[in-house]
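Subject: Handing over a structure

Hello,

Here is the structure for you to look at. Please open it first, then read my notes below.

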Amino acid sequence: MEGHSVTRVALLACGSFNPITNMHLRMFELARDHLEDTGNYRVVKGIISPVGDGYKKKGLIEACHRVEMARLATESSDWITVDAWESLQPEWVETAKVVRHHYQKLAAVEQNNDDVDTVKFAKKRRIEENCHQGSSHQRSRDSPQLMLLCGADVLESFGVPNLWKQEDIAEIVGRFGLICITRCGNEPQKFIHQSDALWKHRKNIHVVHEWVTNDISATHVRRALRRGRSVRYLLPDAVVHYIQDHELYSAESEQKNADVILAPLQRYAGASSS
Ligand SMILES: Nc1ncnc2c1ncn2[C@@H]1O[C@H](COP(=O)(O)OP(=O)(O)OP(=O)(O)O)[C@@H](O)[C@H]1O
Ligand SMILES: NC(=O)c1ccc[n+]([C@@H]2O[C@H](COP(=O)(O)O)[C@@H](O)[C@H]2O)c1
Ligand SMILES: [Zn+2]
């Protein structure tokens, strides 16, 4: 279609990935198909960002293992990557900050590409002009749009008191965009309908209905492992082997952080979250 522009998109998934499962990888494929089917987007990259140990979720094993398992799981993908930046931060990092970090990183890569390509100097000037106008809240015309990819449970967690700052939610859905995969037991459309903050940005929230319902969760996988049950075909084989080789996930590891409050709840409890 003439004059019809297609927006390049990068997808960012934040989470524990404790461990990564086939469903985490499926989320990316489902999201890409959904966005590209609209004819408005081309998905150029997927990024998995395992949360740091400072998140303090019960049973969360060391980030180095979770990152390595995610690396093994994505070896066969030509577009999904793993980024360890978030996992290496000394303290838990708000998701809005992680999204900002990756947005800036993508923009810097674009700018570098332009720098080496002198023929494109006019485009570079345009980006610089955008920056000088202080338009940090506007996407430069040439870097891909970054969308946060999550399951419907994470979207619905926006409603949990003291878990998310309202301005972070507004920034994620308003400035970047969200793509959400349905999950057993969640009703994302209803949740969006009932939230004024989300309804306002509903055009930036893409809900992907997964008809092949699949309730794989890392919790199920850890439970099976503790009981010596097979987890084959729920996770990539390389991840199953890594878990066996390093003897990960035991009754003991499930007790990690058992008496600790989740980092966002610690940070926001008592503080104004509006
Ligand atoms: N079966 C699934 N369907 C849809 N989304 C999923 C599914 N499993 C995980 N996700 C999404 O993947 C992201 C990372 O989730 P996370 O690491 O918490 O995995 P999980 O399987 O939910 O683990 P846990 O059981 O430990 O909470 C989240 O956005 C989550 O909603
Ligand atoms: N306020 C926030 O930014 C906030 C709150 C809760 C969870 N999260 C993120 O959402 C993801 C949720 O992961 P889990 O579903 O594994 O708990 C993590 O990446 C975590 O950092 C962000
Ligand atoms: Zn989860």
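How many helices and strands does the secondary structure of the protein come to? It comes to 13 helices and six strands. Helices (H or I, at least four residues) and strands (E, at least two) are DSSP runs, numbered from the N terminus.

Some ground rules. This is a predicted model, where local features need pLDDT of at least 70, side-chain atom pairs count only at pLDDT 80 or more, and totals for chains, interfaces and linings use all residues. Residues are numbered from 1 along each chain as its sequence is written, while chains are lettered from A and ligands numbered from 1 in the order in which they are written.

**Overall**

The protein has 274 residues, and 35% of them count as buried. Buried means that 20 or more other C-beta atoms lie within 10 Å of the residue's own; exposed means 12 or fewer, and partly exposed is in between, with C-beta atoms placed from the backbone. Now take the contacts with a separation of 6 or more: 79% of them join residues 24 or more positions apart. Two residues are in contact if their C-beta atoms, placed from the backbone, lie within 7 Å.

Start with β4 (145-151). It is mostly covered, with six of its seven residues buried. β4 pairs with β1 in the parallel sense, over five bridges. Strands pair if DSSP finds at least two bridges between them. Ala-13 stands opposite Leu-149 in β4. β4 also pairs with β5 (residues 178-181), again in the parallel sense, over four bridges. There, Leu-148 stands opposite Leu-178 in β5.

**The ligands**

Which residues are closest to ligand 1? They are Gly-15, Cys-150, Gly-151, Ala-218 and Thr-219, out of 21 that surround it. The elements that give two or more residues to this shell are β1, α1, β4, α6 (152-157) and α10. The largest share, three residues, comes from α1. By class, the shell has nine nonpolar, nine polar and three charged residues. A residue is near a molecule or strand if its C-beta atom, placed from the backbone, lies within 6 Å of it. As for the classes, Ala, Val, Leu, Ile, Met, Phe, Trp, Tyr, Cys and Pro count as nonpolar, Asp, Glu, Lys and Arg as charged, and the others, Gly among them, as polar.

Ligand 2 has 15 residues around it. Cys-14, Ser-16, Glu-94, Thr-95 and Pro-264 come nearest. Two elements give two or more residues to this shell: β1 (7-15) and α4 (95-116). The shell has eight nonpolar, three polar and four charged residues.

**Helix α11**

Which residues of α11 are buried? Val-239, Val-240 and Ile-243 are. Seen down the axis of α11, the buried residues fall within an arc of 105 degrees, so they line one face of the helix. The arc is that of the directions from the helix axis to the C-beta atoms. These buried residues pack against α2 (63-73) and α10. The face turned away from the buried side carries the exposed residues Asp-237, His-241, Gln-244 and Asp-245.

One of those, Asp-245, is 223 residues from Asn-22 in sequence and 20 Å from it in space, C-alpha to C-alpha. Asn-22 lies in helix α1. It counts as partly exposed, with 16 C-beta neighbours inside 10 Å. Not counting residues up to four places away in sequence, Asn-22 touches Ile-216, Leu-234, Leu-235 and Pro-236.

Most residues other than glycine have a negative phi, and most peptide bonds are trans. Here are the exceptions I noted.

- The peptide bond from Asn-18 to Pro-19 is cis, with omega near 5 degrees. Pro-19 sits in the loop between β1 and α1 (22-37).
- Tyr-233 has a positive phi of about 75 degrees. It lies in the loop between α10 (218-226) and α11 (237-246). Tyr-233 is exposed, with 10 other C-beta atoms within 10 Å.
- Asn-257 has a positive phi near 60 degrees. Its loop runs between α12 (251-254) and α13 (263-268). Asn-257 is partly exposed, with 16 C-beta neighbours inside 10 Å.
- Glu-247 follows α11, and its phi is positive, near 50 degrees.

Best wishes
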